Amino acid sequence: MDLGNKVALITGGGSGIGAGIARRFVKDGAKVCIAGRRKEMLEKVAASLPSESITICQGDVQKPEDIDRMIKTAADFGGKLNVLVNDAGIDNRANIADIKLELWNQVIATNLTGPMLTMKGAIPHMIKEGGGSIINISSLASVRCIPDMPAYCASKSGLNMLSQQIALDYGKHNIRCNVICPGATKSYLENPPEPLTDEMKENIGNMFSMMTKFTPMQRPGDTSDISSMASFLASDESTIMTGAVIMIDSGTSIVDVNGTAINESGMKWGGDRR
């Protein structure tokens with residue numbers, strides 16, 4: 001993709017999918033500001049890229065004042081703001097009966113309110129430039145439940161609808177808003193926040209194998225799978241696309257896991273129920 005005339009802000013850009021998107025955007029010619037809570041991770045990503053193409057802004061998307069600073073840093077660095085990628089997110093494991101309100105609020109604030117605030121701040125810049133592209137990183141969990149993760153699933157499902165609302169309301173300003181929903185993705189292995197032991201790598205690999213056993217592709221995705229789609233959505237090659245919810249999940253969302261498991265076992269379905 002040609003992103004030579006684009007300036008992008010990427011939240012959650014210090015590791016995982018966000019870092020992968022930053023590297024792909026720079027490779028494709030964009031100027032990029034990566035934002036996140038951990039300065040050392042942002043600096044590590046920035047050090048691997050040409051200094052004229054990358055800058056960092058430490059901040060937390062739960063804090064409106066930090067979001068304002070992220071948007072200003074990106075716009076000052078590139079002279080404008082054309083692309084916003086909302087990748088910052090957190091998850092949890094607690095069912096409704098046990099989850100503490102503080103944890104619920106933290107997940108919603110990061111995964112849903114944070115993207116709302118970054119879009120609120122970025123859209124005026126995009127209108128000034130005659131349009132722009134917003135790419136929200138959601139999850140397979142936005143359309144399929146994960147056991148004991150109600151806050152995460154609810155926040156990502158909400159992000160899908162919020163994105164489509166933005167697409168509806170701001171299409172007249174040539175602002176597009178699309179959603180990428182990754183399934184199991186090896187982002188943690190590719191850009192770990194800390195060194196991984198061989199045992200940890202093996203355990204994570206086994207987890208991915210188990211998670212994708214019954215999917216059509218039978219393998220997890222790579223960060224490159226997500227970043228290539230993000231680059232396409234940021235580019236002028238996708239100018240008619242808006243409001244799309246794109247699954248990049250090895251086909252997981254189309255599978256009835258119970259039915260596939262039964263087929264794998266050799267069992268036969270039902271019988272004559274006339």
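## Burial and the overall picture

A residue counts as buried when its relative accessible area is under 20%, and as exposed when that value is over 50%. Alanine 30 has a relative accessible area of 1%, so it is buried. The structure described here is a predicted model.

The protein has 274 residues, and 47% of them count as buried. Its secondary structure comprises 9 helices and 7 strands. The accessible surface is about 13700 Å², with 53% of it belonging to carbon and sulfur atoms. Take the contacts between residues at least 6 apart in sequence: 70% of them join residues at least 24 apart.

## Helix H1

H1 covers residues 16-27. Its 12 residues should span 16 Å at 1.5 Å a residue, and the end C-alpha atoms lie 17 Å apart, so the two values agree.

This helix is mostly covered, with 9 of its 12 residues buried. An α-helix has 3.6 residues a turn, so residues three or four places apart point the same way.

## From H1 to S2

Glycine 29 follows H1 and has a positive phi, near 105 degrees. Alanine 30 sits in the loop between H1 and S2.

What does alanine 30 contact, leaving aside its neighbours within four places in sequence? Its partners are Leu3, Lys6, Phe25 and Ser53. Alanine 30 and alanine 8 are 22 residues apart along the chain, yet their C-alpha atoms are separated by 7.0 Å.

## The nonpolar cores

In soluble globular proteins, nonpolar side chains tend to be buried together. Here the largest nonpolar core holds 28 residues. Phe25, Val32 and Ile135 touch the most other members. Several elements each supply at least two residues to this core: strands S1 (7-11), S2 (31-36), S4 (83-86), S5 (132-137) and S7 (245-248), together with helices H1, H2 (39-47) and H8 (223-234). H1 gives the largest share, 6 residues. A second, separate core has 21 residues, among them Cys57, Leu84, Met126 and Ile134.

## Strand S7 and its partner

S7 runs parallel to S6, and 4 bridges join the two. Proline 182 stands opposite isoleucine 248 in S7.

In a regular strand the side chains alternate between the two faces of the sheet. Which residues of S7 lie on its covered face, and which on its uncovered one? Ile246 and Ile248 form the covered face. Val245 and Met247 form the uncovered one.

## Loop residues

Two residues other than glycine have positive phi values: asparagine 174, at about 65 degrees, and serine 250, near 60 degrees. Asparagine 174 belongs to the loop between H5 (150-170) and S6 (175-182). Serine 250 belongs to the loop between S7 and H9 (257-265).

Are these residues buried or partly exposed? Asparagine 174 has 47% relative accessibility, so it counts as partly exposed. Serine 250 has a relative accessible area of 14%, so it is buried.

Serine 235 lies in the loop between H8 and S7. Its relative accessible area is 1%, so it too is buried. Leaving aside neighbours within four places in sequence, serine 235 contacts Met1, Asp2, Leu3 and Arg176.

## Cysteines

How many disulfides does a search of the whole structure find? The count is 0. Cysteine 153 is in no disulfide; the nearest cysteine sulfur belongs to cysteine 145, 5.3 Å away. A disulfide would need the two sulfur atoms within 2.5 Å.

Cysteine 153 is buried because its relative accessibility is 10%. Cysteine 181 is at 0%, so it also counts as buried.

Terms used: Residues numbered from 1 in each chain as written. Predicted model: local features only at pLDDT ≥ 70, side-chain atom pairs only at ≥ 80, totals over all residues. Heavy atoms only, no water. Expected span 1.5 Å × (residues − 1). Buried < 20%, exposed > 50% of the residue type's maximum accessible area, 1.4 Å probe, protein only. Core = buried A, V, L, I, M, F, W, Y, C linked by side-chain atoms within 4.5 Å. Contact = heavy atoms within 4.5 Å. Areas by Shrake-Rupley, 256 points an atom, 1.4 Å probe, with all protein chains shown as cover. Pairing = 2+ DSSP bridges.
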